[in-house]
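Thank you all for coming. Please have a look at the model on the screen before I start.

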Amino acid sequence: EFMHATSADIPASLLSDHITGPIPQSGKEIVPAPFVWDLVKMKLQGNTTIDYFVKVKDCNPTGRGTVESTHFKINVLKPTDFHLQILFEAKKILSEAQLAYKNQKAAYIKSGVCGKQPTGNPEDEKWREILDLQDSSHRSTEALGRWLKELNEHIERNKMQDDFMKTRLSIIEGLWQSVSGEVAHARLGFLKASPKTAAEAEAERLKAARLRVLQEFQKPQEKAVIALALLLRKMY
């Protein structure tokens, strides 16, 4: 039995009347049992939290009675409150995009300065700063992708594509994919110049490796900065 309750003061009741289609059961095997839960049919008033769980009874005379599954919750919001929640999430996406752009631009500029005369010092502070900035940009870009995915799931699950300009979001997703590739490419390039052996840490050899990376990956860094700027403009 699929149970639900909309208040702690009211005992849980069967959800059968609010489910379109039966829950299939077959033999003793555990099999997926998909169904569509039409929340509109429940005619909920205002913001509501629904507690739901599955209740199973062993009908065998030697069975061990009844057991309940883990309880889960669904927060049902009025459209206006849902809009506010989504806008709050969009602000988090924007913050990650701003951080990614800021760090990627700084990494690009500092790489240009460093590229004129890289050192062979394994503990070079300027080189370490570039690596940290590039890594920070990569982390923010990855977080941006996760937030975008979550935002899309919220919008699609609640059938609010028109409310949130799904076409524009699709453009932002396309820009993110381009950004993600360029930032990851630049990051991996700079990691190549990290010495893994004592021989690679030798001053002249390390200096040459860094110079190659700076020359080879300045273009991907530049592309990443431009793509992030376009992404930010579209998000604004």
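What you see is a predicted model, in which local features need pLDDT of at least 70, side-chain atom pairs count only at pLDDT 80 or more, and totals for chains, interfaces and linings use all residues. Residues are numbered from 1 along each chain as its sequence is written, and side-chain values use heavy atoms, with hydrogens and water left out.

Helices here are DSSP runs of H or I, at least four residues, numbered from the N terminus. The axes of α1, residues 79–114, and α2, residues 125–157, come within 8 Å and cross at roughly 155°, which makes α1 roughly antiparallel to α2 (the term is used for angles over 145 degrees). Their contact comprises 17 nonpolar, 10 polar and 6 charged residues, where Asp, Glu, Lys and Arg count as charged, Ala, Val, Leu, Ile, Met, Phe, Trp, Tyr, Cys and Pro as nonpolar, and the others, Gly among them, as polar.

At the start of α2, a side-chain oxygen of aspartate 124 reaches to within 2.8 Å of the backbone nitrogen of lysine 126, whereas just after the helix lysine 159 takes a positive phi of about 55°.

Finally, glycine 174 lies in helix α3, residues 166–192, and at 37% relative accessibility counts as partly exposed, that is, between buried (under 20%) and exposed (over 50%), with a 1.4 Å probe and protein chains only.

Definitions and conventions. Axes fitted to C-alpha atoms, helices over the stretch in contact; angles between N-to-C directions. Helix = DSSP H or I, 4+ residues; strand = E, 2+ residues; numbered from the N terminus. Parallel < 35°, antiparallel > 145°, perpendicular 65-115°, else oblique. Polar contact = N/O pair within 3.5 Å; in protein donor to acceptor, adjacent residues only side chain to side chain.
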